[in-house]
Amino acid sequence: MSETDIQQRLQAGNRQYLDSTILTEGNLFPDIYRTFLEYLEWLKRDLAEAEELRLARLDSQLRHAAAQVPAYRGLDPQAGLARWPLTGKADLRDRLADYCDDAIDISRCRASFSSGTAGIPLRAIHDFDHIVHNHALALRRNHVAGLPLRRRILIPMRDGALPWIEYASPAYGNSIVAQFGSVGEDGRFTDAITRAASFGPDVIFGHPSGCLLFAESLRACALTVRPRLVLTMGEKLSRAVRDELESQFCSPVVEGYGMNEVGTIAVQCARRRFHVEQERVLVEIIDDAGQPVPPGQPGEIVVTDLINRAMPLIRYRTGDVATLTDGRCDCGYPGELLADIEGRDHGMLILDGGRIAVPVIALTRVARLQRLRRFQFIRRAPAQIEVLISVLDGASAAVVTRQLTADLRTFLQDAAAVEVRLAGDADFLPSMSGKDTDYVSLV
């Protein structure tokens, strides 16, 4: 099959899914807008009243799950959330039906699919209320940021080889959305970059790696784009990449955190603090034993969905690490705050016969101090680590390589052989999800 045939099939499948999505969003937009106005009123409530409303939603969701969802049937809604079992990604993969409402109305649901960053393919079922509330809070967030209801949104480097697609999205206030892929013929890719520049987006949205590749491609074509905002999700945004994006686009960069199964969980404000969307999700932080930790202590992020009745995920383990604080942000936006979101917890490296235990997350922190556009740790043997790196424009590859090698060897106390080498994009090992992955173990 030729590349053209593959592109046509991909485009046809994407177009069919997109048409279905737009139709659903169009039918739901009156509800989305009404809920958006209600959420604007939430901003006027005091913290105690807002918390009371959230707890009422939690109580209702627990009662529903205990009565209607096989995985939770018979549990006591009054026992307290911490007494309910934790749910993992493997549970959804192996027992999807057990986590769905017995009386699920498929005509009022949409399924979404993910290959899974952790290597576990997942399917999530979202009812229309989930879609309404997720989009309504996005509208409120953009309203608070001063963005117009109808705006131009660009999603660069999306869906591989797909060419330029442009459409109106009812759920985003009838905003005009354009997206295009990152691979294919050079001429077609250059045409897409040129078209993206003339599109004049108010918002650029995508993975940090995709936004960075778009910025580099613009520079290579001597083109500029000046959005009002760059919003990244799906991958950890390093300080060096943030600085590069802000320099290239001359606009603020905001990082969001979420997942396919529950939607958006937290998004940064102008002060770069992550505000939990606590109107529709409840976040806990747990330790290695699965017990909740107090505010300010790091642990795994666990999420409870307060809205979705079709597949109500209760105490869902994200596998990501962060801390939760209850202090009020000086931006005036209410709600709990997530801090130090580290991304996937890859566990520990046990070295030197068990004498040294190093969290993989700690290694990625060391790498993020350098001016890297991309990096990947590959554990090729128990005590052998290769680090693939790609440096940002203007950074000295030799200096970065030398400094990172020295820092890692010091951090690991020479308990493992470390080789840092420059690599092209094709050299990095891909994840099943298509996102950049910082760590791969071949042991």
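Strands β11 and β12 (residues 299-305) run antiparallel and are joined by six bridges. Within this pairing, valine 283 sits opposite valine 303 of β12. Strands here, like helices, are DSSP runs numbered from the N terminus (E over at least two residues for strands, H or I over at least four for helices). Two strands count as paired if DSSP finds at least two bridges between them.

A word on the model: it is predicted, so local features need pLDDT of at least 70 and side-chain atom pairs count only at pLDDT 80 or more, while totals for chains, interfaces and linings use all residues. Residues are numbered from 1 along each chain as its sequence is written, and side-chain values use heavy atoms, with hydrogens and water left out.

## The sheet and a helix across it

The β11-β12 pair belongs to an open sheet of twelve strands with mixed pairing, ordered β4-β5-β3-β6-β7-β8-β9-β10-β14-β13-β12-β11. Its edges are β4 (165-169) and β11 (281-286); each has a single partner strand, so one side of each is left without a neighbour in the sheet. On average, neighbouring strands of this sheet are turned by 35 degrees against each other, direction ignored. As background, strands of a sheet pair through backbone hydrogen bonds, either parallel or antiparallel.

Lying across β6 (203-206), β7 (229-232), β8 (253-259) and β9 (263-268) is helix α7 (residues 239-249), which runs at about 130 degrees to β8. For such angles, axes are lines fitted to C-alpha atoms, for helices over the stretch in contact, and the values run from 0 to 180 degrees between N-to-C directions. Contact means heavy atoms within 4.5 Å.

## Helix α4 and its ends

Helix α4 (residues 128-144) has 17 residues and spans 24 Å from its first C-alpha to its last, close to the expected 24 Å at 1.5 Å a residue. That expectation is 1.5 Å times one less than the number of residues. Most of α4 is covered, with 14 of its 17 residues buried. Buried means under 20% relative accessible area, exposed means over 50%, and partly exposed lies in between (1.4 Å probe, protein chains only).

What caps the N-terminal end of α4? Aspartate 127 does, with a side-chain oxygen 3.2 Å from the backbone nitrogen of aspartate 129. After the helix comes glycine 146, whose phi is positive, near 85 degrees.

Aspartate 127 also turns up among the contacts of arginine 309, which include Ser60, Gln61, His64 and Asp101 when neighbours within four places in sequence are left aside. Arginine 309 is placed in the loop between β12 and β13 (316-325), and is partly exposed at 27% relative accessible area. Its side chain makes a polar contact of 3.0 Å with the side chain of glutamine 61. A polar contact is a pair of N or O atoms within 3.5 Å; within protein, one must be able to donate a hydrogen and the other to accept it, and residues adjacent in sequence count only if both atoms are side-chain atoms. Arginine 309 and valine 293 are 16 residues apart along the chain, and their C-alpha atoms are separated by 28 Å.

## Salt bridges

The structure holds 29 salt bridges, each a side-chain nitrogen of Lys or Arg within 4 Å of a carboxyl oxygen of Asp or Glu. Here are some of them.

| Pair | Closest N and O atoms |
|---|---|
| Arginine 34 and glutamate 38 | 3.1 Å |
| Arginine 54 and glutamate 336 | 3.4 Å |
| Glutamate 300 and arginine 317 | 2.6 Å |

Arginine 34 and glutamate 38 are separated by about one helical turn because they are four residues apart in helix α1 (residues 3-42). Arginine 34 is partly exposed at 41% relative accessibility, and glutamate 38 is partly exposed at 37%.

Arginine 54 and glutamate 336 are both buried. Glutamate 300 is buried at 15% relative accessibility, whereas arginine 317 is partly exposed at 29%.

Salt bridges with shared partners also join Glu216, Arg373, Arg374 and Asp425 into one network. Arginine 373 belongs to strand β17 (residues 372-381) and is buried, with a relative accessible area of 16%. Its side chain makes polar contacts with the side chains of glutamate 216 at 2.8 Å and aspartate 425 at 3.2 Å. Beyond neighbours within four places in sequence, arginine 373 is in contact with residues including Leu212, Leu213, Val241 and Ser390.
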